[in-house]
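Open the model in a viewer and keep the selection tool at hand. The stops below go one after another.

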Amino acid sequence: MFTKSAVLLALPVFAAAQYGYAPPSNPGPTTSAAASVPSAPPSSGNQINVDVAPNGSLVYNPSNITATPGTQITFYFPGGPLAHSVTQSSFQNPCTYLQANGSAAAGFDSGLVTASTFTINVTDSSPVWFHCKQITHCGTGMVGSINAPATGNTFDAFVQAAKALGSNAPTDDATAVVTGGLHAVASATPSSDVGTSPGGSGGNSSSASKVAVSGFALLSAVIGAMMV
């Protein structure tokens, strides 16, 4: 018979599953290898390309971007088991998703994805702040900016504000995928050839959310066993 301790043991599994962590398994033979998105190509003109977590480092490269209105910025997410995001926030709350406020629009959010690209269009010269909402990443300084001021609320100050939160950084919804944005707008959800959106059509059934369903099923089974 299961006890409360069994539920407590299952909870970390469920929480980890929501954010793209999963225990190793033996998947057996596969019919095709998972495709991967290459590193960001060189930027040119009004197109800026950004590597997300290059070589496993918890940064965006470049992370402090200067862009004129009309510039498109495309983020290239690596393949692999660990998902990342590009989630708009604010200077005051570097690790918190930017909710709509009065007439101000809500921020963009790629959701936690792998082997994908995500493009935003810069609409004016105001500062834009963003972070990775994977567990612990923002608190270690995985943040970025567009058109950050040279004094006052600088990019370096933004990084330090995120690091000051450390392990106390808030945790955003793992599966949300939100278009739109403030001062920089995403018109489509991430495109992917490995299932982040079905057929690359812009759906929001991410690989992270699929793993989360498995985690929830496990937790439900444990709780159900306790009721017997």
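Which residues does Ser145 touch, not counting residues up to four places away in sequence? Select Ser145 and show its contacts (heavy atoms within 4.5 Å): Ser63, Asn64, Ile65, Val128, Trp129, Phe130 and Phe155. This is a predicted model, where local features need pLDDT of at least 70, side-chain atom pairs count only at pLDDT 80 or more, and totals for chains, interfaces and linings use all residues. Residues are numbered from 1 along each chain as its sequence is written, and side-chain values use heavy atoms, with hydrogens and water left out.

Now select strand β8, residues 143-146, which holds Ser145; strands are DSSP runs (E, at least two residues), numbered from the N terminus. Val143 and Ser145 point one way, Gly144 and Ile146 the other, and all are buried (under 20% relative accessible area, 1.4 Å probe, protein chains only). Ser145 has 0% relative accessibility.

Next, β7, residues 128-131, runs antiparallel to β8 with four bridges. Val128 stands opposite Ile146.

Finally, select Cys95 and Cys138, whose sulfur atoms lie 2.0 Å apart in a disulfide (cysteine sulfur atoms within 2.5 Å). Both residues are buried. Cys132 is in no disulfide, and the nearest cysteine sulfur, that of Cys138, is 8.2 Å away.

Conventions: Buried < 20%, exposed > 50% of the residue type's maximum accessible area, 1.4 Å probe, protein only. Pairing = 2+ DSSP bridges.
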